[in-house]
Amino acid sequence: MGLLPLNYRRPAYVDTTPSAVDDRPASPDNGSGIGEKTSGSLKSVRSGNLAGIPAALGFDRIIDGGTCPPCTTRDFMNYLIYVERSAENLQFFLWHREYVKRFGEAKTSDLALAPEWTQAMEDEAIARIQKEHAEKARKEPKTRATDIFKDTDFEKRPDVQKPSVSGGDPFTTPPQTPDDREILSDYTGSNAMSYKSQANDAFAAAGVKAPFTIQPFRVEVDRVISTYIMGGAPRQLNLSDREQKAALHALAYTTHPSALREIVKSVESTLRRQAHPNFIRWSICNGNPARVFFARSLGVGLIVASIAVALVLTLSRIGRGYRALAAIGWVLGIATLIAAWKGMCVVLHGMHHRHVRPWELFVTGDDGTDLEKHSFDSFGSSNSYEEQPWVIRYQKRNIARKIFDREVWIQEPALRQIQDTIFVQSMLCALLLAGVLAAIFVSVPGGNFF
């Protein structure tokens with residue numbers, strides 16, 4: 001493959017804050033935030049490529065399995081788990097896409113019990129939720145001064161008579177207040193409830209009646225609610241209170257995939273416009289942080305050493321032409337520094353290699369189980385990885401071993417093309433700057449000190 005245009009720029013980092021990802025304006029009449037611009041902006045992302053991302057590394061191409069390591073769906077999932085910590089978005093998106101397919105292929109007679117959730121129903125539910133919220137806000141009393149200082153050191157508490165120590169042991173330890181572990185143990189006990197019970201609790205909290213249990217896929221939908229939607233779910237999506245209640249209203253009415261339409265729009269928009277560009281930007285880096293820092297230090301060292309050599313030659317009686325030899329070090333140092341600034345090691349790039357990710361070094365645990373196989377499970381525990389064995393084992397590695405860690409070949413041609421372009425850009429900038437520095441030192445009169 002050839003090079004990309006020399007003015008190529010890698011994808012810009014997209015902040016993970018909702019305002020940086022979701023630019024959907026609130027509707028002037030209902031403030032729902034679900035308007036015409038949502039589908040329009042998402043459609044524009046689908047139709048055109050984001051800046052710095054070639055078509056071969058598009059979001060749909062990755063999800064459909066049309067890419068090679070390190071840009072596969074599994075690599076994308078690992079990035080969301082270990083780097084961005086938002087894998088629930090992709091897990092929910094993949095489940096819903098497969099759920100739509102299974103629902104459409106089902107030929108059972110009970111599908112009539114799960115009608116489509118139309119946009120008009122969605123708007124009506126959102127309007128009802130906002131009306132209830134406004135009425136609740138009006139009924140709440142105004143904030144008093146005592147409420148401002150509640151649970152602070154300035155709160156006025158009733159006088160509590162101190163216990164007398166005359167009739168007891170003054171060294172007796174007073175009873176302890178319940179700590180977080182006791183509270184968490186009670187919360188953990190609630191996880192033993194069935195998915196149906198948890199879903200019913202979520203429906204009750206949203207102010208809707210429990211649905212019919214004879215609807216198709218109702219058991220699976222209950223698991224979705226208890227895993228992704230309800231408060232405190234192990235893989236809870238980043239939903240507003242309005243979005244959560246609107247989804248529960250829809251799911252109480254039907255199990256049709258259209259009931260999750262607005263949630264899927266929000267999740268897909270986050271994946272396409274924030275997670276995907278950041279993943280491509282991160283994949284361009286071929287070295288781990290220790291190796292990149294080492295490359296930057298090496299580049300700065302070469303530049304400083306070349307300047308020192310040029311100064312010595314300028315102050316000596318040696319001919320001016322020899323001062324241009326320092327340009328060799330400047331080219332190598334500047335190119336190494338620019339490439340490292342973009343997360344690339346030129347040595348690894350020369351072989352089209354990349355460092356193995358920390359979680360890839362320990363694919364199997366001590367008991368022989370695959371540490372990555374559960375990431376694609378639609379339902380399960382949270383995506384926390386702090387307790388995985390590889391975390392401690394990788395932290396115990398010394399810095400030299402991290403710098404010269406295991407390497408693998410980059411199989412994705414489009415990613416190699418991006419890295420080749422960045423390397424050429426670094427070399428051209430290095431040649432230009434080295435030429436300017438060499439011209440300056442050559443033009444300066446010699447010192448003739450030695």
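Patches are made of residues with over 30% relative accessible area and no salt bridge, where like charges are joined within 9 Å and nonpolar side chains (Val, Leu, Ile, Met, Phe, Trp, Tyr) within 5 Å. A salt bridge is a side-chain nitrogen of Lys or Arg within 4 Å of a carboxyl oxygen of Asp or Glu. Accessible areas come from the Shrake-Rupley method with a 1.4 Å probe, and for residues only the protein chains shown count as cover.

This is a predicted model, in which local features need pLDDT of at least 70, side-chain atom pairs count only at pLDDT 80 or more, and totals for chains, interfaces and linings use all residues. Residues are numbered from 1 along each chain as its sequence is written, and side-chain values use heavy atoms, with hydrogens and water left out.

**Overall build**

The protein chain has 19 helices and 2 strands. These are DSSP runs (helices H or I, at least four residues; strands E, at least two), numbered from the N terminus. Of the 450 residues, 42% are buried. Buried means under 20% relative accessible area, exposed over 50%, and partly exposed in between (1.4 Å probe, protein chains only). The accessible surface of the chain is about 25700 Å², and carbon and sulfur atoms account for 60% of that.

Contact means heavy atoms within 4.5 Å. Among contacts between residues at least 6 apart in sequence, 80% join residues at least 24 apart.

**An enclosed helix**

The buried residues include R218, E220, D222 and Y228. Their cover includes α5 (87-105), α9 (195-205), α11 (241-253) and α12.

E220 forms a salt bridge with R102. E220 lies in α10 and R102 in α5, so the pair ties together parts that are 118 residues apart in sequence. E220 is buried at 16% relative accessibility, while R102 is partly exposed at 26%.

**Salt bridges**

The structure holds 11 salt bridges.

| Pair | Distance, N to O |
|---|---|
| E220 and R102 | 2.4 Å |
| R128 and E124 | 4.0 Å |
| K245 and D241 | 3.6 Å |

R128 and E124 both sit in helix α6 (residues 119-139), 4 residues apart, about one turn of the helix. R128 is partly exposed at 36%, and E124 is exposed at 52%. K245 and D241 share helix α11, also 4 residues apart. K245 is partly exposed at 25%, as is D241 at 46%. D60, E268 and R272 are linked in a network of salt bridges.

R261 has no such partner. It lies in helix α12 (residues 261-284). R261 is buried without a salt bridge, and the nearest side chain of opposite charge, E116, is 4.2 Å away. Beyond residues up to four places away in sequence, R261 touches E116, W117, T118 and Q119.

**The annotated spans and the patch**

The unreviewed UniProt entry places "transmembrane region" at residues 293-315, 322-341 and 422-444. Such annotations may be inferred rather than shown by experiment. Residues 293-315 are 100% helix, with end C-alpha atoms 33 Å apart. Residues 322-341 are 80% helix, with end C-alpha atoms 30 Å apart.

I318, Y322, L325, I328 and L332 form a nonpolar surface patch with about 520 Å² of accessible area together. I318 sits in the loop between α13 (289-315) and α14 (326-341). I318 is partly exposed at 39% relative accessibility.

Key. Lys and Arg count as positive and Asp and Glu as negative; His and the chain ends are not counted.
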